[in-house]
Amino acid sequence: MKLKVLGCFGGNIPGHGMTSLLINDTVALDAGWVSGALSLREQEKVKDIFISHSHLDHTCTLPFLIDNNFSAPGFSLRIYAIPEVVASMKNHLFNKITWPDFTSLPNDLTPVLKLVEVRPEEPVLVNGLTIRPVLVSHIVPTTGFIVEDKKTCLAFSSDTGPTHRFWEIVNGLKNLKAIITETSFPDEFQDLADVSGHLTPSTLDVELEKLEKDVPVYLYGGKPKHLKAIKKQVAALKRKKLTFLEQGKTYRF
Ligand SMILES: [Zn+2]
């Protein structure tokens, strides 16, 4: 399985603060930084996008991705999310005010965009991948995603504070090769992390006690101004196999 990090965090790099992961060049998890990270030709290959939650840093390039490719022959995009997130995109993004409603363009019969509701823990088959949303604990309805092919499994928590079901499911995955989770704030911002549904190095450490698998854990989501402090505090945890995702890097699992 090929994973390209389109957006995860960073300072002086385009797309900082935005989240998006591209699997096998065609399926994206979140769309905080898709159109900005890919050439037009690469964008055309992205046909399926799973959205974890409604926050802009996970959705904001969707309008441009569609707009850039609208007239490409045969282009269509399917966006998958739980019903609450689909409703949010309908009401606040593709609402004919913020952006056109591409679910009825160029016409109702052959729209360029399909919003597909998925249910927590029900698998969706896309391009040889099985993708399962799993509810996590953020300040808006949010799911992580378990992505599997025949040999490999990856688990992406998306934005979350301390949570339970995600780790329970992860512990039962036979072919798990890696986990991607977040650490958004340093420990001195614990109160802010708590009210905004995010992790700090301290709460990440508690979360990782729930993990029974010996697999690499990659972190994303550090706010650019706090990244240095977060990295120092994560290093102090002295956990082997705990590293940071690298923006722009391609991983093979
Ligand atoms: Zn969020």
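Modeller: Two residues are in contact when heavy atoms of the pair lie within 4.5 Å. The model is predicted: local features need pLDDT of at least 70 and side-chain atom pairs count only at pLDDT 80 or more, whereas totals for chains, interfaces and linings use all residues. Residues are numbered from 1 along each chain as its sequence is written, and side-chain values use heavy atoms, with hydrogens and water left out.

Biologist: Which residues is T59 in contact with, leaving aside its neighbours within four places in sequence?

Modeller: T59 belongs to helix 2; helices are DSSP runs of H or I of at least four residues, strands are DSSP runs of E of at least two, and both are numbered from the N terminus. The residue is buried, at a relative accessible area of 2%, where buried means under 20%, exposed over 50% and partly exposed in between (1.4 Å probe, protein chains only). With neighbours within four places in sequence set aside, the contacts of T59 are A31, G32, I51, H53, S54 and L93.

Biologist: Which residues does S88 touch, not counting those up to four places away in sequence?

Modeller: S88 is placed in helix 4 and is buried, with a relative accessible area of 18%. Its C-alpha lies 37 Å from that of L237, 149 residues apart in sequence. Beyond four places in sequence, S88 touches S54 and L93.

Biologist: Why do the buried residues of helix 3 line one face of the helix?

Modeller: Helix 3 spans residues 62–69, and its buried residues are L62, P63, L65, I66 and N69. Seen down the helix axis they fall within a limited arc, so they line one face of helix 3; the arc is that of the directions from the helix axis to the C-beta atoms. The arc is 165 degrees.

Biologist: Which elements do these buried residues of helix 3 pack against?

Modeller: The partners include helices as well as strands. The helices are helix 1 (40–45), helix 2 (56–59) and helix 4 (83–92). The strands are strand 4 (48–50), strand 5 (77–81) and strand 6 (113–117).

Biologist: Within what arc do the buried residues of helix 7 fall?

Modeller: In helix 7 (residues 201–208), the buried residues are P201, T203, L204, E207 and L208. They line one face of the helix, because, seen down its axis, they fall within an arc of 160 degrees.

Biologist: Which elements do the buried residues of helix 7 pack against?

Modeller: Among the partners are strand 11 and helix 6, and the loop between these two holds T183.

Biologist: Is T183 buried or exposed?

Modeller: T183 lies in the loop between strand 11 (176–182) and helix 6 (190–196). Not counting residues up to four places away in sequence, T183 touches L199, T200, P201, L204, L219, Y220, G221, G222 and I230. At 1% relative accessibility, T183 counts as buried.

Biologist: How many disulfides does the structure hold?

Modeller: A disulfide is a pair of cysteine sulfur atoms within 2.5 Å. The structure has none: C8 is in no disulfide, with the nearest cysteine sulfur, that of C60, 14 Å away. That separation is too far for a bond, and the number of disulfides is zero.

Biologist: What is the volume of the largest pocket?

Modeller: On a 1 Å grid over the protein atoms alone, a pocket is an open set of points where a 1.4 Å probe fits, with protein on both sides within 12 Å along at least five of seven lines; lining residues have an atom within 4 Å of a point. Its lining is L208, L211, K213, D214, V215, V217, R239, K240, K241 and L242. Grid points are joined across faces, edges and corners, and a volume is the space filled by probe spheres set on the points. For the largest pocket, this volume is about 160 Å³.

Biologist: What is the omega of the cis peptide bond that joins L105 and P106?

Modeller: P106 is in the loop between helix 4 and strand 6. The peptide bond joining L105 and P106 is cis, with an omega of about 0 degrees.

Biologist: What is the phi of K96?

Modeller: K96 is found in the loop between helix 4 and strand 6 and, at 64% relative accessibility, counts as exposed. Although K96 is not a glycine, its phi is positive, at about 75 degrees.
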